[in-house]
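Dear colleague,

Here is the structure I said I would pass on. My notes on it follow below.

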Amino acid sequence: MISIPSLSDLREQLRALGALPKHEQRVLRLWSQALPQTSGKRLIEDFLPRSLREGLPAFEAALAQLARVQSAHPGEDGSQRLLVALADGMTVESVLLPRDGLCVSSQIGCAVGCQFCMTGRDGLLRQVSSAEIVAQLVLARQRRPVKKVVFMGMGEPAHNLDAVMEAIELMGTVGNIGHKNLVFSSVGDPRVFERLPQGPVKPALALSLHTSKAALREQLLPRAPRLTPEELVEAGERYARQVGYPIQYQWTLLDGVNDGEDELDGIVRLLKGKYGVLNMIPYNSVPELPFQRPSWERAAEIARQLHRRGVLTKLRNSAGQDVDGGCGQLRARSLADDGS
Ligand code: SF4
């Protein structure tokens, strides 16, 4: 079985080659910023100790094996979905977003099992290591600049918390991504609210709300922690005040499910006056799942009403939706095409 390294393993390998902390940081900076490729420099530099210089070609080769782009799918909106193959042949999706953003995957599959999501259909297949998460950033940067990383691809980052926090720490330090441009996305696991404030890099937080009704939320997100929408917003508000940037509340708009007037009242009750913004994303229909996308006019009307009632609302399209957008759909399509 192939052993997949974490960032700690990579650091240990560098130390075994004689790297001091400053060398380790230097090598990881060059890698995570994809500088060897963009500037023509390699990881090997004259000031590094000889044993390290000699060991670096093999180290570099191991980094290159972590992940590679299996296929790229440009969307009409300027996004580009990448199907990324990992060393053991598993695949994850990354999405290059318009305006220098990148969406990364933190798990293969997902245990939360949201009813409207393709990724959750087969449960959790395996965790993505911290090094593999950073490798997604490196692959993206080999194609274009990245200034923002959102953890909204496949998986629930809270269920792979150590790896995600390790990747966030590296991205927010030597990886040169501003802390509030790192967006941790969660269905609202209590561990998130404990751990995030303690890290040296405090990311922004996106919370998947999807409905203001506790019972409906239990149905739609069957294995999410049993926090009520009120408890979720309360915990989010505390974190937002602590770090000084707003919570992004996520709402996948499902036709006839969570787009009624009662939900609008619920949203106003929950979010009016809170330090947050509501991102409404009309669902991207897929033949395999029974949900429908509401019309753009209806979605725009909902956003207008919420604005009028004092809730900062942004209506967004799921990036790359013309190329099997929505988490897990590209991977699902590729497996189907393979007949697997
Ligand atoms: Fe998991 Fe996110 Fe899909 Fe829910 S929407 S099943 S949390 S990947």
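What is the handedness of the crossing in which α1 passes α2? The crossing of α1 with α2 is right-handed; a crossing is called left-handed if the near helix is turned anticlockwise from the far one by less than a right angle, and right-handed if clockwise.

Before the rest, the basis of these notes. This is a predicted model, in which local features need pLDDT of at least 70 and side-chain atom pairs count only at pLDDT 80 or more, while totals for chains, interfaces and linings use all residues. Residues are numbered from 1 along each chain as its sequence is written. Helices (H or I, at least four residues) and strands (E, at least two) are DSSP runs, numbered from the N terminus.

Helix pairs

Two packed helices are described by the angle between their axes and the distance between the axes. Axes are lines fitted to C-alpha atoms, for helices over the stretch in contact, and angles run from 0 to 180 degrees between N-to-C directions.

Helix α1 (residues 7–16) packs against α2 at about 125°, and their axes are 10 Å apart. The two are therefore oblique to each other; angles under 35 degrees count as roughly parallel, over 145 as roughly antiparallel, 65 to 115 as roughly perpendicular and the rest as oblique. On the α1 side, Arg-11, Leu-14 and Arg-15 meet His-23, Glu-24 and Val-27 of α2. Two residues are in contact if their C-beta atoms, placed from the backbone, lie within 7 Å. By class, this contact of α1 with α2 has two nonpolar, one polar and three charged residues. Ala, Val, Leu, Ile, Met, Phe, Trp, Tyr, Cys and Pro count as nonpolar, Asp, Glu, Lys and Arg as charged, and the others, Gly among them, as polar.

The other pair is helix α5 (residues 130–141) with helix α6 (residues 161–172), at an angle of about 45° and with axes 8 Å apart. α5 and α6 are therefore oblique, and their crossing is right-handed. Ser-130, Ile-133, Val-134 and Leu-137 are the α5 residues in the contact, and they meet Ala-163, Val-164, Glu-166, Ala-167, Leu-170 and Met-171 in α6. These residues divide into eight nonpolar, one polar and one charged.

Around the ligand

There are 12 residues around the ligand, and Cys-110, Val-112, Cys-114, Cys-117 and Gly-120 come nearest. A residue is near a molecule or strand if its C-beta atom, placed from the backbone, lies within 6 Å of it. The shell around the ligand consists of seven nonpolar, four polar and one charged residues.

Ala-111 lies in the loop between β5 (107–109) and β6 (124–127). Ala-111 is partly exposed, because 14 other C-beta atoms lie within 10 Å; a residue is buried if 20 or more other C-beta atoms lie within 10 Å of its own, exposed if 12 or fewer, and partly exposed in between, with C-beta atoms placed from the backbone. Leaving aside neighbours within four places in sequence, the contacts of Ala-111 are Gly-123, Leu-124, Glu-156, His-159 and Arg-223.

Positive phi

Ala-34 has a positive phi of about 55° although it is not a glycine. Ala-34 sits in the loop between α2 (21–32) and α3 (35–39) and is partly exposed, with 19 other C-beta atoms within 10 Å. His-210, also not a glycine, has a positive phi near 65°. His-210 is in the loop between β9 (204–208) and α8 (214–220) and counts as buried, with 26 C-beta neighbours inside 10 Å.

Met-154, in the loop between β7 (148–151) and α6, counts as buried because it has 27 C-beta neighbours inside 10 Å. Met-154 and Ser-106 are 48 residues apart in sequence and 6.2 Å apart in space, C-alpha to C-alpha.

Leu-216 belongs to helix α8 and is partly exposed, with 16 C-beta neighbours inside 10 Å. From Leu-216 to Val-257 is 41 residues along the chain and 8.9 Å between C-alpha atoms. Leaving aside neighbours within four places in sequence, Leu-216 is in contact with Thr-211 and Asn-258.

Regards
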